[in-house]
Amino acid sequence: MDEARPLWATPLQFVFACISYAVGLGNVWRFPYLCQMYGGGVASVVVSFFLSMYYNVINAWAFWYLFHSFQDPLPWSMCPLNGNRTGYDEECEKASSTQYFWYRKTLNISPSIQESGAVQWELALCLILAWLLVYLCILRGTESTGKVVYFTALLPYCVLIVYLVRGLTLHGATNGLAYMFTPKMEQLANPKAWINAATQIFFSLGLGFGSLIAFASYNEPSNNCQKHAIIVSIINSSTSIFASVVAFSIYGFKATFNYESCLNKVILLLTNSFDLEDGFLTVSNLEEVKSYLASAYPSKYSEVFPQIKNCSLESELETAVQGTGLAFIVYTEAIKDMEASQLWAVLYFFMLLMLGVGSMLGNTAAILTPLTDSEVISSYLPKEAISGLVCLVSCAIGLVFTMEAGNYWFDIFNDYAATLPLLLIVLVEAAAVCYLYGLKRFESDLKAMTGHALNWYWKAMWGGVSPLLIISLFVFYLSDYIVTGTLQYQAWDASQGQLVTKDYPPYALAIIGLLVASSTMCIPLGALGTFIVRHLKWGDTASVA
């Protein structure tokens, strides 16, 4: 080991760095979604670069919402007035106040990906602020990152605990928790449920990005990597379950609130339409009175019937949302109806920011470590300059995601830049270690590091189970893309106040192909380059001899 290479101050810093990286936004906005749906090398640098370009936009959104969380009332709690101030904005009335604030005020989203629009400078400034924060955290390498990870790893748990206490005291929280812990037995026979479960844990741990390898490279050779792998995996999975309990308590509150609001609107409608006595119609006798009115006044009831909404608590709970929709629409919908909503909004978006920054530290480490380790680059530029250039380039490219069509490009990068490429990278890593380098040699290396031999479980997982599982995931994704046919995306229709499905234009499909190919092709091209260089060296040696 190079004696000048910096190391973590303590092994605990490494563990916290891994936890801060692995426990990210996916634990908060994807794992609860899956529970709701189903019941309970070189190439790595390219993938991490793609990820860093768009991932920090989430932190920009978190900054934007955090700044607006100090307003009273919250700006997403009600619809704004229209231009002549005679009523509410038409788009907001057709959607909802939270959807309007997200799609119109935050993103100012265009009708389609073809209409790029202008850069939203408020979001662009938030993105610059997010990258400045990341740069300050990575400025001095492990010396600064090692201190930051204590904060980014521990603070989200403090906020989640506070939210858990608040969530469990909300009206209807038990409805959400009951829904979470009620298994859908029929989903056990659904292969997609198992595929999504495997995909979730795969991406949640951050495998294949190179971040964990970069963090581990700053450890002492005698570091017990086996113990740390188990600790990080257990904490990561436990956090997903913990965050789901918090999420479903809030789901339950939101669903119950919407369900009771729906019932009250139906009661008010029937009371006014049939001149019923105030207080006569209640939730308990609603269905009975509806049947009576339908039989006693059929013509009048038929006129009112189209306005009567079908209120269902179950359907409210089954409304599955993930990703940005969960983080910036569903949660804000629940927060605006809480007491002291500004406080809960500030806590929530500060937590999102810490989760996002923690993940960004890992993403940037995967890019910077090979760059700073390169003698060619480090001989010309100091570490601070390399970090600054990476942040500057990523920020400049990231401005694309702050345009009016930026959210559509965000979805492209999020869906395609780090799915198939990651599966291929990890499969090649596993095959290279187990079958090219050799599992026995790798086992002896680990024994020299940790002081004890591996048991059969690890060897079976690395040599057999994991490669087969990754191949299965890879085949599933490929077949899913083929079966789907033309790739589509969700576009915001302002006239309807809802999302509509559209086909990607040819140039967007070409960019999707480039995103997938640019990282996966690094592996065969790198292998070919190494072969050519070694062959030339062998030829030179043979000619000299």
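**Disulfides and other local features**

Trainee: What hand does the disulfide of cysteine 79 and cysteine 92 have, and why?

Mentor: Left-handed, because the torsion about the S-S bond is about -80°. Bear in mind that this is a predicted model.

Trainee: Where in the chain do those two sit?

Mentor: They link distant parts of the chain, 13 residues apart. Cysteine 79 is in the loop between helix H4 (43-68) and helix H5 (90-94), while cysteine 92 is in H5 itself.

Trainee: How far apart are the sulfur atoms of cysteine 79 and cysteine 92?

Mentor: 2.0 Å.

Trainee: And are cysteine 79 and cysteine 92 buried or exposed?

Mentor: Both are buried.

Trainee: How many disulfides are there in the whole structure?

Mentor: Two, from a search of the whole structure. The other one joins cysteine 262 to cysteine 311, with 1.9 Å from S to S. The torsion of that link is -80° about the S-S bond, and the link is left-handed.

Trainee: Why do cysteine 262 and cysteine 311 count as buried?

Mentor: The cut-off for buried is under 20% relative accessible area. Cysteine 262 has 12%, so it is buried. Cysteine 311 has 17%, so it is buried as well.

Trainee: What pattern do the disulfides follow along the chain?

Mentor: 1-2, 3-4, counting the bonded cysteines along the chain. Cysteine 126 is in no disulfide; the nearest cysteine sulfur belongs to cysteine 395, 11 Å away. Cysteine 126 is buried, at 5% relative accessible area.

Trainee: Backbone next. Which residues does the cis peptide bond join?

Mentor: Aspartate 72 and proline 73, with omega at about 0°. Proline 73 is in the loop between H4 and H5, where cysteine 79 is also found.

Trainee: Which phi values deserve a look?

Mentor: Asparagine 108 has a positive phi of about 45°, although it is not a glycine. Aspartate 275, also not a glycine, has a positive phi of about 50°. Most residues other than glycine have a negative phi.

Trainee: Where are asparagine 108 and aspartate 275 placed?

Mentor: Asparagine 108 is in the loop between helix H6 (97-106) and helix H7 (121-138). Its relative accessible area is 26%, so it is partly exposed. Aspartate 275 is in the loop between H12 and helix H13 (286-296). At 69% relative accessibility, aspartate 275 counts as exposed.

Trainee: Last topic, the surface. Which residues form the nonpolar patch?

Mentor: Met521, Leu525, Leu528, Phe531, Ile532 and Leu536. Together they have about 620 Å² of accessible area.

Trainee: Which helix holds leucine 525?

Mentor: Helix H24, which covers residues 522-544.

Trainee: Why does leucine 525 count as exposed?

Mentor: Because its relative accessibility is 53%, and exposed means over 50%.

Notes:
Residues are numbered from 1 along each chain as its sequence is written. This is a predicted model: local features need pLDDT of at least 70, side-chain atom pairs count only at pLDDT 80 or more; totals for chains, interfaces and linings use all residues. Side-chain values use heavy atoms; hydrogens and water are left out. Patches are made of residues with over 30% relative accessible area and no salt bridge: like charges are joined within 9 Å, nonpolar side chains (Val, Leu, Ile, Met, Phe, Trp, Tyr) within 5 Å. Accessible areas come from the Shrake-Rupley method with a 1.4 Å probe; for residues, only the protein chains shown count as cover. A salt bridge is a side-chain nitrogen of Lys or Arg within 4 Å of a carboxyl oxygen of Asp or Glu. Helices (H or I, at least four residues) and strands (E, at least two) are DSSP runs, numbered from the N terminus. Buried means under 20% relative accessible area, exposed over 50%, partly exposed in between (1.4 Å probe, protein chains only). A disulfide is a pair of cysteine sulfur atoms within 2.5 Å.
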